[in-house]
Amino acid sequence: MTAALAIEDAVKTFGGHRALDGVDLVLPPGEALGVIGESGSGKSTLARAVLGLHPLDSGRIRVGGLDVRTGDRAVVRELRRRVSMVFQEPRESLNPRMTIAAAVSEPLRVHEPGLGPADRRRRVLEALDLVSLPAALAERHPGALSGGQQQRVSIARALVTQPTLLVLDEPTSALDLSIQAQVLTLLRRLHAELGLTYVFVSHDIDAVGYVCDRVAVMLHGRIVECAPTEQLLTGASHPYSKELLGAALSPRPA
Ligand SMILES: Nc1ncnc2c1ncn2[C@@H]1O[C@H](COP(=O)(O)OP(=O)(O)O)[C@@H](O)[C@H]1O
Ligand SMILES: [Mg+2]
């Protein structure tokens, strides 16, 4: 079976510093993989590399068998449709001057230009429904929405093209704790319902543990441990994983 995502010995340097220092990962289709680690460990660099936004110094990244470093425009188009990203700040993907409907339909105009207005509208409303937002919000602007609603719109926008792989970089870190729990519940439900492959990056081990099947622990651009969630939470073997788990044991709501 072709892996949903295969990363082989990925190295990425910034001015001589190795942000990724030989990362290997293989995700079967439908797996939700969490990536945790302290700030600066290389999580966002890894996420962006999967999107093809950071060309690697060496190594290889393939999505469903397609190399993200391709020069072939048709392959690039296909990759952009297959892989979507959700960022920490909804404002990174939402233009304040666009209505919610326009923001969610924008990727469709790029990836399915043949779609007529009625079909586009239908797909937008389906995507909003998927993230439990009422259709009545479609004509509003992002500024009229709460932070949690804005992040739901970002997720709808990421899903509207029906990708196979969703890369989420700290998708709940900017939200209030109670709203975080709601968005995590949504992400877990979407993973179960849609059978998507996730790469879920977070410094929050609880968030990742709630949504993901398996967790990779990053430190200084390397994956020091990667194990099924249950196994990692109950019996991490690497000292750094234990340290992260210890830090996460402080009580929190939800
Ligand atoms: N665009 C960039 N230019 C220069 N250095 C960068 C860039 N992006 C990340 N880095 C560096 O790479 C390392 C990993 O960063 P990052 O992937 O953002 O970590 P994390 O998301 O785990 O906090 C850090 O040392 C950071 O300063
Ligand atoms: Mg980051």
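## A parallel pair of strands

Let's start with two neighbours in this predicted model. Strand β7 covers residues 165-169 and strand β8 covers residues 197-201. The two run parallel, and five bridges join them.

Now zoom out. β7 and β8 sit within an open sheet of six strands, whose order is β6-β7-β8-β3-β9-β10. The pairing in this sheet is mixed. Where does the sheet end on either side? Its edge strands are β6 (83-86) and β10 (222-228), each of which pairs on one side only. Going from one strand to the next, the twist averages 15°.

A helix joins the picture here: α1 packs on the sheet. The strands it touches are β3 (32-36), β6, β7, β8 and β9 (214-219). If you compare directions, that of α1 makes about 150° with that of β8.

## Around ligand 1

Helix α1 turns up again when you look at ligand 1. Which residues surround this ligand? They are F14, H17, A19, G37, S39, G40, S41, G42, K43, S44 and T45.

Two elements, β2 (17-27) and α1 (43-50), each supply at least two residues of this shell. The largest share, three residues, comes from α1.

## Putting it together

Methods
Residues numbered from 1 in each chain as written. Chains lettered and ligands numbered in written order. Predicted model: local features only at pLDDT ≥ 70, side-chain atom pairs only at ≥ 80, totals over all residues. Near = placed C-beta within 6 Å. Helix = DSSP H or I, 4+ residues; strand = E, 2+ residues; numbered from the N terminus. Pairing = 2+ DSSP bridges. Axes fitted to C-alpha atoms, helices over the stretch in contact; angles between N-to-C directions. Contact = placed C-beta atoms within 7 Å.
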